[in-house]
Every structure is written in structure tokens, then in C-alpha cells.
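Thanks for coming, everyone. I'll walk you through one structure today, so please have a look at it first.

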Amino acid sequence: MKKITIYIVIAALCLNFTALAQVTIQNLKGKIIDENGLPIPGLNVSIKNTKTHFLTDRQGVFILSKVARGATITITGVGYKPAEITNIQDGDLGTITIQTDNNRLNEVEIVSTGYQSIPKERATGSFVQIDNKLLNRSVTTNILDRLAGVTSGLIFNKNINVGNNSNQSSISIRGRSTIYANPNPLIVVDNFPYTGDLSSINPNDIESITVLKDAAAASIWGAFSGNGVIVITSKKGKYNQAPTIELNTSITIGEKPNLFYTPRLSSENYIDVEHFLFQKGYYNSAISRSSHPVLSPVVDILVNRRNKLISSADSAKLINQYKGQDTRSEQSAYLYQRSVNQQYSLGIRGGGNNNLYYFSTGFNKDLSNLKGNDFNRITINASDTYTFLNKKIQWTNSVYFTKEKTSNNGVSPGNLLYPYLKLKDESGNNLSVPYQYRQGYIDTAGRENLLDWHYRPLDELGNNDNTTRLTEYRYNMQLRYTIFSGFDASLQYQYDEGNSVQSNLYNQDSYYARDYINQFTQYNKPTGIYTMPVPIGGILDDLNKTFSSQNFRGQLNYAHQWNDKHGLSALAGYEIRDINATYKNSRLYGYDDLGNVALIDYTPYYKYFYSSGTGRIAQNASQTGTVNRFISYFANFSYTFKNRYILSASGRKDESNIFGVNTNQKGVPLWSVGGSWEINKELFYHLNWLPYVRLRVTNGYNGNVDNTLSSSITAIAGSGNAYNQPYSTLTNPPNPLLRWEKVNTTNFGLDFSLKKVLSGTIEYYLKKGSDLIGTSNVDPTVGVSIFKGNSANMQGHGIDISLNSRNIEGAFGWNTTLLFSYSTNKVTKYLLKSASVSSAVSSGLNPVEGNPLYSLYSFKWAGLDTKGDPQVYYNNEVSKKYSAIYNSADLSNLQYSGPANPTTFGSLRNEFSYKGFTLSANIIYKLGYYFRRPSLNSSDVFTGQLYFPDAEYAGRWQKAGDEKLTQIPALSYPADAVRDQIYKYSDILVEKGDHIRLQDISLNYEFTKGKFSGLPVGSLSLYGYISNVGILWKANKAGLDPDYVPNGAMIYPNPRTYSIGVRAKF
Amino acid sequence: MMKNIRKVSCVLLIMASLFTISCKKDFLDKKPATNLNIPTTLADMRLLLDNTAVLNRSPAIGEESADDYYMTFEEWQNQYSPKDANAYIWAKEIWAGKTNVVEWNKPYGQVLYANVVLEQLNKIVKNSSNEIDYNNIKGNALFLRAWSFFDLVQIFAVPYDTKTYDTDPGIPLRLTADINSPTTRASLRETYHQILDDAIQAKALLSLPTSVKNGNRSSKAAAFAFLSRIFLTMRDYKQSGLYADSALNLTSALMDYNTLDTASSTPFLYDNAEVIYQNYLVDNNPIIYVSNSINYSIDTTLYKAYEPDDLRKFLYFQNNAGFINKKGTYSSNSLNSNGLTTDELFLTRAECSVRNGNIHAGLEDLNKLLLTRYSTGKYQLFTTSNPADALNKILLERRKELVMRGLRWNDIRRLNKEGYNILLKRSLNGQVYTLPPNDPKYALPIPPDVISLSGIKQNDR
């Protein structure tokens, strides 16, 4: 700075003189940095009154040739205050610091692809950047959760039905482009794909996140980019900066979950059903079965009454007592709690002239809503950069360490089989509940010779000891050598290793151990002797997962600007990845605290104590492993002409140990091209109200792989058959043509800003997936009935709009951000025809040509008949031929009810600021999709699955004529499962999913040194945050939150959480 | 400029050499999962053939359709899968539109294993050091293919009859692992020809049995015993008797039932002395419930046919609340064994001897077997000079000895062809269902997905 001031003084003195002495400076050099000492690439450096200009390169360096001595240069760039240097005399301007313009609407966004960082305005592809401020707006333990509701085109999928093999990822970027292959976006952390557990990343260590959405942005990631890429960048130090300490701590309290959210049949009505079923003899087979299956307490009373063991008055009294009880109240009181999450993070960063450093440590302690479940995490992160040889060599070493402990000791509500169970008696003793066997049986079985066989859920809370410990290390090294200005070579290496040990100890008092020992207890009738092949003691299950990955990358980077017209930036390189994982299972019997273990003979078949069946003692030992290896070659270039036309291209080829030789040798690289045009820089452009307009077009391919397939005929080894011989199982038949899936994306983008008020981006995209992995039915006579290969196609298109508006500026400020996304897809080719409509209505993944991948299909409802039976349209007739309808292969008998995932979504965020206060609220909306509401049906009720509205029980068809008043079918005995399925999947139960919710509210108050001179720290923020505030509007009248649709089990919406915290900088 | 070029070439050289060092030529040849195996060696073939859960299983629907058991109306109504209820009453439609029919897919899955092994074997050079292994594995695969085809033809084709076997449809004979080769139905004659061809080749290749501990693997004795069973089904009593004889020459041990524990719920072991080849009926069907559930019972008349001194009455059965459950099977667990055993061979040889005119030899075999089945000293030797009486006694004892061993359905089909006129009858809630002798319904319908995907002809029922 001093240097420049002197120049300016000299310039003023010698103004006339220099005009006379017309001498030319051959090369004028300089380097531009920001206040933090970071080089600023992409700034426009021009000589006043001439056409000569130059853009700074990635090191912030510019070189202007043939500059007249005494000339004035101007430096401009989006996000920075313009600067001028007058009266240039010397060829080397040294380092120039310019000021960030915080008031500019368009702060320069540097997006990172994992291979390079570029200013967003110089990229042709579709990028979304989430900066540090936005990341810190929410207070979550997991970094990815902070993308929710603030990232254009990205949605968090809800109601994922894992058990139904729906292959849905929790995050989708621009909809869906695969069927069976990996549905998850690629996550890149510090330039390499992340193979560890994302929970091990401390969000406080993250500087920013870039989401790569189209082919031009993501195709550099080749066969891994088909679902979009999320690039996470860690914090680093800054050159020439005094040590800065950053402290962040918060506490989040979550409300107890609302267990009454899921509609459920009341205890009273269920007892009514049990009476009915008992009379019909429904339980007779269970009552007399020799394996003593569990009966509900009410049925037990009814049996005793039938056997005249108790009086009718007593049984009525006992049953009445149950009518008034509700297990949910008990669960809420004894199994659930308020959640408490604490976060502490302390970091220090800074740098000198030749080094940078960042060091941080973080601690998280989360107590879950379910008692007994908690999560602890310690993270340590150290990163150091040194430069040598006049900054020609830059060497960065980073080490990350995480230790996590997760306890899973909560009692699953799924073990509480009846709606009226009590967990504690009046005097506070933990009660036993019916679980696997009939209460009367376990009361007397084995007379004293067995272990206590009762299941007391609240005792289990203390007995459970299921802990997972994860340790993860990551070492990341980057070595960069500048060969000459604008051309550098870099080597990067990362080693990542994690080990997770899940130790599930069922101690001797646990129900699991007691039950297992009892099951195998042998009784010798003649001798009267009881023996226990499973020894008394605990049972310890260990699951040991180890993963490690090595990544190596060599890359050359080149950037150069020729006078004011041509700019070129290019990179090329290769990458080698080796990812290993092993899984080890083991089980120990007779385990005690001293580590004693019993020897077990696993070969004999023992008769189970409780039935006539036989079985072996489970050995539960296995070891498997996976190895994924890749070699990739990549290149990328971008050419800028006259600062307003940009042409970009990138390509990548991946070879892998899962593809066949054919694909590895002949596979075509995945590539993309793109162009952009900054119209406002044209001479003819005169729209003053629209100072910035840029058009972008890109097209190219992304890829995806399915790790479960292999090109050769393969068999999977098993450990031991019934004869204790090793054996193997054939997998998918050979497929020498296996290759990666391809997604072609075309993206049209428009970036604009209206003076200082409104700016935004509008994008339209088209996606075409081909060679997608799909299944096809084959004649089972060939030995398999389904074959998987590259046989399916999909198509999709959508719109992403993001608008930022600065509504009011000044002491009181008001900003609004609107995100709008529309995304739809359809399957265009799928060889496997649904063999019956039953799989189309019920399976989690039901590709049908012409419809979105996730769609709801339903039977067309035709009302109840005079017997209260459901009717639907079948071959255009009102029909009750349930079995024929359900097993029909003719999909034309189904109604397409609509997409099952939101097609329109986004958010509206308003931020108000006044003095040090900032208040913001985010409203998110999801529209254009459908879900099925649960309703009463006989099969479910009879088997005790009671999750439907209680009122439907009284409101069901009960007598002739009711069919005019209700659509809820009669309870029919015996239950006809197919009849019930027809109703369950009829369109009368389909509801619109559209809804709007107030996702969160954040309040921040910042103390600055300017206002509080006594402040001992540089800056101090206090913040409060409320998450899951509530649903504002929903289209369905069933009272359901479409993000939490019950599907045969109790669920509850994420409880509201309240956080307060402090963020300070020293 | 020259300096820069030198520097650049130097850097390029370093980077290229780093690539070569870090990445060897076979880097991408590593298999993606440790437990994933590309079967190429004889040991790999052995692993495939030892997949007992896939290979040593036969459909149970024949036994389900036979007359050795009954279930109550209540249970019949509550059958989880409609095919079990339909098969019980010999309905016209069995599969209720369901695809992935285990009775079809399981045996053809086994055929794929056999074909994969046979095709991969072609790529292995046989020499003096691997010859025994090679032959055994090839014999094993051929035995397996014959076994699966035999299972299929008993269910999906009408009984063997030389009068009509050129026009009676058999089953598709898949002899390749290539999933693209078309499926066609062979005639019944071609089907049996292929089964015999595979089994006879296997017979020549397989070694003598080593240990009953490896009862899941076929041996020369197993091939003889299996051929005897095939020929019996074909009513070729001469060949059947000869093969039974060959098998019994290799192994003829019988257990003395007096040494077994009648109180035990599993009195027999899977590796008992009589087992030549171990195979099981698939579970998840009424046959499994007959072993341990009330409302399922062994046919009352059949149960009454066991005399009080007959130990089988106590080793085979237990009374479960009035229902006769079949407890002991030759499998150590509740799966029903339909493997090859010496007791079956004695009965087959006895029957063939009588049919071939040698009553004396037949009764000798029968008495030898029954002596081990009765309480010591309580068995009265059976004697007669009337061939029909002898045959009836042997057939009754065959039914009693081999109850729930997956053979009754085959025997009914065969004996009806011999004119025994066995009428199958079920009574459910007052309604009576029958299956007349030699009815076309003795061949079950081919699953609907097979018909629609392959276009082969459905059975007339």
C-alpha cells in the first residue's frame, strides 16, 4: 500500500514531465490479493484510455505488455471496490491489496469442482455455491443437512421405504437419472471422493460447499457424476494474517416426539375386534399350537374365561382396565425424552508470507429422542501449507481425525405388540409384556429349570449395550510446483482409513440371551435332567467394518491471457483410486465381564424347548470384503474471447475392475462442451436497468456405475453348508458388455442482475439417461428369472430458478431469496414388464414405460357393494374379482395416480437486519405429488397392525345401506388378503402431497468492535435457531404431514428443536 | 523458453513415472469382492456343487398332492399361498397367477448350475493328476441335471407310458448355460432318454461313496440307486431291479430300529447308515407342517396299518393333540428327506423280483428289512406263494416305510398305470374332491410366466 501511495505522489509531481518522456514499459507485472491475503483470480486489469486489458490468473497475477510509462491502470471485478493506480513508472507493481465490496449484490463466488476453483462468472456450467455464512445459518451435526432448503435444485427425499428396495437416495440433485445403480450424488471432500462416513465431518471445519448440477460442471467426474456432485471444501489458513481464533458453541433442545401423530385404532376398539375374532375361533390355532405363540393379554383372559378359570365379572373387569390404557402414553413417558445436542468447536487459522495453517478441534454430544440412544464425536483437524523457492513450490499437508461413539440402546416400540400394554405398575416396578410366547407358557415352562423368560421392556433399557465406535483418519497432501507463470503441476494424495466396531452385548440378564439359552435348553424326560447347550452368560455380537481408500492424482494446470482478447485455462491429469472395505462378524457365547467365553459345538441340531422344531446354535461368523479400483484420465479447458465469450470442454475416461475388458479398453470417454455470452459487454447493449446478462448453454455426458454387477460369470462364496463344507452361489449370469450408465444433460442458463435490487439465475435442463441398468424378465427355464444389464432408458427435464432481492437497504435491511425447482422424469425404455399389477401397486421401485420412475398406481374405485365389499373397475366393469384383478398382467386396469416424489419444490427465505440483529425465516414448499393414506382393512386389523384412524372403525360399513354413507369396507372374516390389497391400493386413498412448511427461523446478534469498544474479542455473535417449526399448509384433509406418511408403523414428524449458541472470533 | 521446455518435460516425466509406479498392469484385474469368485478351477466347481440349499432340494408339490396326509378345513382355508390350497384339491388352476413358481424355478436353477459346471469343465484339461476329481465333478453335475429333470417330469408331465410317450409332452431340456438359447418342450420319450443318458454317464464317472458325512454329493452307489428309481418309474422292472442290486452290492447297511430312541423328536440322523444320497423337499408348504403342527395329520388308515410292535409307529410319528405328526425323517431336522437310501432299494428290489417272477428273492428282501423295523423277536416272517399277495404286501410296506419321503406321488402315478385304480379323495367341510386314476391333472400346469415368456405349450388338464 505504501508503495502505491508514493507512486501517486510522484505521479502528481511529474505529470507534465512524463507526458514528454514517452517511454514504454515492456512488461508490467503485479499480483492482486484481498484483505485476507488470498490471490484474486479473474480481475480485469486495464490501461485507462486504451483497449489493453488482462485478467488476473489463479495466483492473482497479471502481466501487461507495452505499457506507456505514466499510464493509469484500473482494476475492476465483481465483488471488489474498483481501484486505480496512476502514473506507472516501474515494471513490477509488487503485491496490490484491494478491498472487498461487501455492499455489492454479486459477491464473487468461487466455485470448486474438486479439480479447480473458478469464479462462477467464468464458468459455463451449472453450479450452486453455499458459502460459509449460509452453512452456518443452521445448526446440525451432519454437514449435508445444512444444504436442505437453501440449495437450488436439490431436495431431501422423505418417506424412503428402505425395506421395499426402493433404491432411493436421501438427497437428489435435479431429480432422478438411474434405476438400479447408485442413486447417491458423489460427495467430494477436499478434492477427492469421500468414502468415509459423512457423520465424521465437523461442519465447523467446512468453508463452503459447491453443488455441480449439469454435464459441464460435473463431467470432469466422469462415471461417478450421474447423480450430481457435492464438493465440500475444508477451511484453510490465509496468507499474512495474524492468528485468528474461531469459537462456536451451541446447544439444541428438541421436543419430545408426538407419538400420537400416527393415527391408530384405540385400545377399546381393538379389544372389540379381539372379542369378535375370539368368537370366530381366529385364535384357536394359535392357542393350541405346540410352539406356544404369543397371545395378547385380552385373548389370554378370554381363553381363561372360556376354560372357566375366571368368572365373567373378573374377566370383564380386567378387560375394562385394558380398554383405558394406551401404550403410547407409556412409551412417551418411559422410552422417549427431549433430545439434547451440544456442539463445541474451536479453531485457529492464519499465515505468514510463506505458510498457512488451520487447526481445529470439535466436540459433539447428542442425546436422541429415544432414551438410550446417543452420539458423541471428537474431531481434530490440522492443515499446514508451506511455500518454497519464491512460492514456486506449495506444499500442503492436512490431517483429519475423528472418533465417534454411537449407542443404540433404546427399546424399539415395534416390540410392544398390543395397543394397551403397560410398562410399569403402580408401585413403579417394570412390567413384563407379551412378546414371543404365550404368557401362561413362560410362567410355568421348565419349572425353575429355565432362565426367567419374561420380556420387560424397561429392564432392557438397562441391559442393552449396543455401541458402535468409529475411528477415522484422513491424510491429504498437495504438492504444487509452478514451472513458469501460468503453468503448474500438482500431485495430490489422500489416504483415508476408518474402522467401525459395533459391539452388541446381550448380557446374561438381557431378554435376548435368556430367550436364546432357553430356546436351546434340552430336557431329557427319562432322567428329568435339563441341559443348556447355549451356556448361561452373555452373548456378544461384534460387527467390525474397516474401510480404506487411497487416491492419487497428477495434474497439469495452465492459464494464460494474450493481450485483451484471448484467455485460456486448461488442465489435464490422471487419477488412481483404490477403495477397500472389509466386514467381519463374530459372536461369542457365555461371555462375561472377565472376557470368559464358552466353547460351542455348532453342528448338532437341537430340539427347541418351546416347540417340536429343531435348529442349530447360530455361529454368526463371517468375513467379506470389497475392492473397487479405478484409473481415470481427465482434461478440461476453457477459452475466453474478449471477456465475454467463453467456450469450455471437458472429458474423462474411467476404467474399473468392475467393468469388463471390453468397456475398459474401448469405452468412450464421457465429455461435455459449453459456451457462455456476457451480453452486457457488447457495444450494442444499452439496457441500463439490466447491467448484467449472461447466457449459458452446455451439453454433455455424466456416468454412473452399479457396483453390484460384474461382467464375468461369478459366484459368491458362502462359509458352510449343512455338511459344513464351503460352497458358493451363482450370481447374475455373465454380462461381458456391462458398462457404465450414461446421462446426457443439456443446460440453458440465464444469469442477470437488475441494478442493486434483484439478481438471479434461471436454468432449464434436459436429461436423457441411456444404457441404464435395468432388469428384464427372462423365462425361468433358463435358470434365472430376472436378468440385470444395460437395458433401460430414462428422460427428464426441469427448471431451476434462484432469485435474490435486496428489498430494503440501510439501517433496516430486508433481503429475499426465492428458490424454485421443477423436475420431472419418465422411464422411456424398460424391458421388464410388470408380471402383474400387484407388483406395480405395491413395490417400492416400479418402472413403467412412459411414467416417472417413482409413481403411484391405483385401482379405480367403484364404491362399496351392498355387502360392504370394495369394488373397483376392471376391464371397464365394476368388479369384485379380487384375485383376477390383483394378479392380472394388464396394467391398463390401473389408474396412474401421479408422481410419488415432489415435482415442484423450493424455498422462500426472508432476512431482516437491523443494527446488529439479523432475523431470517425459511419457508419450504413441495408440490405436485401424491401419497397413499392408511386406512382400515381386515387383514391388518386381525394381525394387530392398527395404524389407521380410529374413527374409521365406527365409520366402516356395518349394515346394508351403509354403502351409501361410507367408503370404508366392512371387516370381513376370514380376512381376504387380496380384497384388502385392492382397497389399500385403490385411488380413493390417494392424497395430494402438496404442502408448505416453515422450516426454520434464525436470529443472530452481532457485537462488533466498532460499536462495543470494550469487546474483548474481534467479533461476537449470539444466535438462536428454531428448526422444524411447523407445517403452514397442506393439501390433504387426512391430517397427515406428507413428509411423514405412516406405512404400517408408528412414525412421527421430526420434533421441533431450539438452539442457542455463541460464535466468536479473536 | 528452452529452459521452460526442459522444465516441462522433466515434470511430465516425473508424473508419467509416478503413474507407472503406482499402477501396475493387473491393477484392474482385482476382483471387486473377496467372496466373489469366477469359477474356473475344479475346486471352484466343487464349491458350486456343494451349494446344498440350492441343489439338494426337490419340489414338495407331488407329496402335497398325494394321499398320505390331510389337513383340516380351517387350515386349508388359511393356507398362506394359494397354490398349496389348490394343489390339495387338484384344482384346474394351481398357481393362481403367481409367477416365480419354486416348483419350476428351483429345479431349472439347479440345471443352470449343472450346465455352468459342465461348460466350465470343457475349459479344464483333464490329466492323470486331476482325473478322479474331474470325473467326479462331471459325474456330479450330470447326476444333478438328471435329478432335476426327473423331479420336473414327475410334476409337469403325465406318467411314463410307452404307448403314448412320443406324443405326450415332456419338459424343456436345457443343456446349455446360455440364457439366450430358446426353450422348447421335448417329448416324454426324449425327456426320459436325456435323464437316463445323464444318469448313465454319471454312473461311469462317479467314484465309490467315501463317507456319509458327504451325503450331499452323489457317488457311484447313488447313481445306481437313482437309475433304479428312474427305471421303476418307467415300469422297467428288470432294469430297476438290476440297478437296485448293483447299488446294494456297494452298500446295503440297514439300521436296527431297536437301537434308536423312540422318545427323541429326531431319532434319525442325516448321516445314518442307510443314506446313500441326501436330498430334501423344499419347505414352506403343508408337508413341513405335517411334521410339527396340529390340524395336519398322517392319513388315519395308513397310521392304523402300523402294528403295535412296529417301531416305525413310534419313530416316525407322534400324536399331537389327536393329529398324527410325522416327526422322524432321515434328515436330523424337520426337512423331509427324499434322498436315496438302502431301505428304498430293498423294497424296490423286492418288488422287481416278484414282478420278474422271483417271489422268494422278493420276500427275502422284504423280511430282511422288516426284521430291523420291529421290536426284537416280534416280527413274523411273511411268506406266501401267491405273487399278487406278495406284491400287495411289498407295496404296502413300501408306502409305510417311505412315508413322506417324496415318493408316494410317483408311486401313485406308476401304480395307476399298472391298473391299481388309486382314487385320491379329499373332504373339506362336507365337500368332496377327487382325482381319478390317470387323470390329465396328474400333470400340473406349467407356471404362467414360463408360458408367456417362452411360448411353450401348456398342459391340458
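**Where the chains meet**

Let me start at one pair of residues. A:Ala715 has B:Asn37 as its bridge partner, and B:Asn37 sits in β1 of chain B. Keep in mind that this is a predicted model.

That pair belongs to a pairing across the two chains. Strand β34 of chain A, residues 715-718, is joined to strand β1 of chain B, residues 36-37. There are two bridges, and the strands run antiparallel.

Now widen the view to the whole contact. How many residues does each chain bring to it? Chain A gives 64 residues, and chain B gives 67. On the chain A side, strand β30, residues 622-641, supplies the largest share, with seven residues.

Next, chain A as a whole. It has 18 helices and 51 strands. Its C-alpha atoms fill a box of roughly 125 × 70 × 65 Å along the principal axes. Does 34 Å, the radius of gyration of chain A, agree or disagree with a compact globule? It agrees, because a compact globule of 1066 residues would come out near 31 Å. Of the 1066 residues in chain A, 40% are buried. Then the contacts. Take those in chain A between residues at least 6 apart in sequence: 71% of them join residues at least 24 apart.

One sheet in chain A deserves a stop. It is an open sheet of three strands, in the order β4-β1-β7, with mixed pairing.

Look at β1 of chain A, residues 24-33. Four bridges join β1 to β7 of chain A, and the two run parallel. One residue pair to find on screen: A:Lys29, whose bridge partner in β7 is A:Asp92.

Last, chain B. UniProt, in an unreviewed entry, lists residues 342-452 of chain B as "domain: RagB/SusD". In the model, that stretch is 51% helix and 9% strand. The C-alpha atoms at the ends of residues 342-452 are 42 Å apart.

Key: Residues are numbered from 1 along each chain as its sequence is written. Chains are lettered from A and ligands numbered from 1 in the order in which they are written. This is a predicted model: local features need pLDDT of at least 70, side-chain atom pairs count only at pLDDT 80 or more; totals for chains, interfaces and linings use all residues. UniProt positions are given in the numbering used here, feature names are shortened, and annotations may be inferred rather than shown by experiment. Two residues are in contact if their C-beta atoms, placed from the backbone, lie within 7 Å. Two strands pair if DSSP finds at least two bridges between them. The radius of gyration is taken over C-alpha atoms; the globule rule is 2.2 Å times the number of residues to the power 0.38. A residue is buried if 20 or more other C-beta atoms lie within 10 Å of its own, exposed if 12 or fewer, and partly exposed in between; C-beta atoms are placed from the backbone.
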